[in-house]
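Here is a briefing on one protein chain. Read it with the sequence and coordinates at hand.

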Amino acid sequence: LAMADFNGRGGGRGGGRGGGRGGGRGGRGRGRIAPGERPVEESTRIDIKLMLEEFREGDAKEITFPPGLSNHDRAVVHSECRKYGLTSKSHGKGEARQVTVYKPKGKQIINS
């Protein structure tokens, strides 16, 4: 599985936070969406999980997913990282936003 598998996916809109629909902190929207309820294709969920499993078992200390993942895709990455005992951080703005995943320092990684 290669990082290139994620290029062109996600359908992110860019253009800043919220898109003017409310629902953020203090807004009158639906609130937060649980990661398992996010509109992410099953094939994308599987790809994310496989990439994280390969990373977890490899020697690399960090991995960066390419820009182009939607905010929902990135939320799935963060959720899966928590399950595996990994740390994740999103950085960048708009279309350039991406997620970097780190192995914990001196801690056991959860095998699930």
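Glu 57 counts as exposed because its relative accessibility is 63% (exposed means over 50% relative accessible area, buried under 20%, partly exposed in between, with a 1.4 Å probe and protein chains only). Its salt-bridge partner is Arg 56, with the closest N and O atoms 3.8 Å apart. The model is predicted: local features need pLDDT of at least 70, side-chain atom pairs count only at pLDDT 80 or more, and totals for chains, interfaces and linings use all residues. Residues are numbered from 1 along each chain as its sequence is written, and side-chain values use heavy atoms, with hydrogens and water left out.

**Salt bridges**

- Side chains of opposite charge can pair when their charged atoms come close.
- The whole structure contains two salt bridges (a side-chain nitrogen of Lys or Arg within 4 Å of a carboxyl oxygen of Asp or Glu).
- In the pair of Arg 56 and Glu 57, Arg 56 counts as buried because its relative accessibility is 9%.
- The other pair joins Lys 83 to Glu 80, with the closest N and O atoms 3.0 Å apart.
- Lys 83 and Glu 80 are three residues apart in helix H2, so about one helical turn separates them.
- Lys 83 is partly exposed at 48% relative accessibility, whereas Glu 80 is buried at 11%.

**A buried lysine without a salt bridge**

- Lys 103 sits in the segment after strand E3 (98-102).
- Lys 103 is buried but has no salt bridge.
- Its nearest side chain of opposite charge is Asp 59, 5.9 Å away (Lys and Arg count as positive, Asp and Glu as negative; His and the chain ends are not counted).
- What does the side chain of Lys 103 reach at 3.0 Å? The backbone oxygen of Ala 60 is there.
- A polar atom of the Lys 103 side chain also lies 2.3 Å from the backbone oxygen of Gly 58.

**Fold and surface**

- Along the sequence, their pattern is α-β-α-β-β.
- Of the 112 residues of the chain, 32% count as buried.
- The chain exposes about 7,500 Å², and carbon and sulfur atoms supply 47% of that area (Shrake-Rupley method with a 1.4 Å probe; for residues, only the protein chains shown count as cover).
- Among contacts between residues at least 6 apart in sequence, 66% join residues at least 24 apart (contact means heavy atoms within 4.5 Å).

**Nonpolar core**

- The largest nonpolar core has 15 residues (buried Ala, Val, Leu, Ile, Met, Phe, Trp, Tyr and Cys residues joined through side-chain atoms within 4.5 Å).
- Which members touch the most other members? They are Ile 48, Leu 52, Phe 65, Val 77, Cys 81, Leu 86 and Val 101.
- Helix H1 (42-57), helix H2 (71-84) and E3 each supply at least two residues of this core.
- Leaving aside neighbours within four places in sequence, Leu 52 is in contact with Phe 65, Val 77, Glu 80, Cys 81, Tyr 84, Leu 86 and Val 101.
- Glu 80, one of these contacts of Leu 52, is also the salt-bridge partner of Lys 83.

**Pairs apart in sequence**

- Met 51 lies in helix H1 and is buried, with a relative accessible area of 5%.
- Met 51 and Phe 65 are 14 residues apart in sequence, and their C-alpha atoms are 9.3 Å apart.
- Arg 38 lies in the segment before H1 and counts as buried at 17% relative accessibility.
- Arg 38 and Asp 73 are 35 residues apart in sequence, with 8.2 Å from C-alpha to C-alpha.
- Ala 75 is found in helix H2 and counts as buried at 14% relative accessibility.
- Ala 75 and Val 40 are 35 residues apart along the chain, and 9.8 Å separates their C-alpha atoms.

Technical notes
Helix = DSSP H or I, 4+ residues; strand = E, 2+ residues; numbered from the N terminus. Polar contact = N/O pair within 3.5 Å; in protein donor to acceptor, adjacent residues only side chain to side chain.
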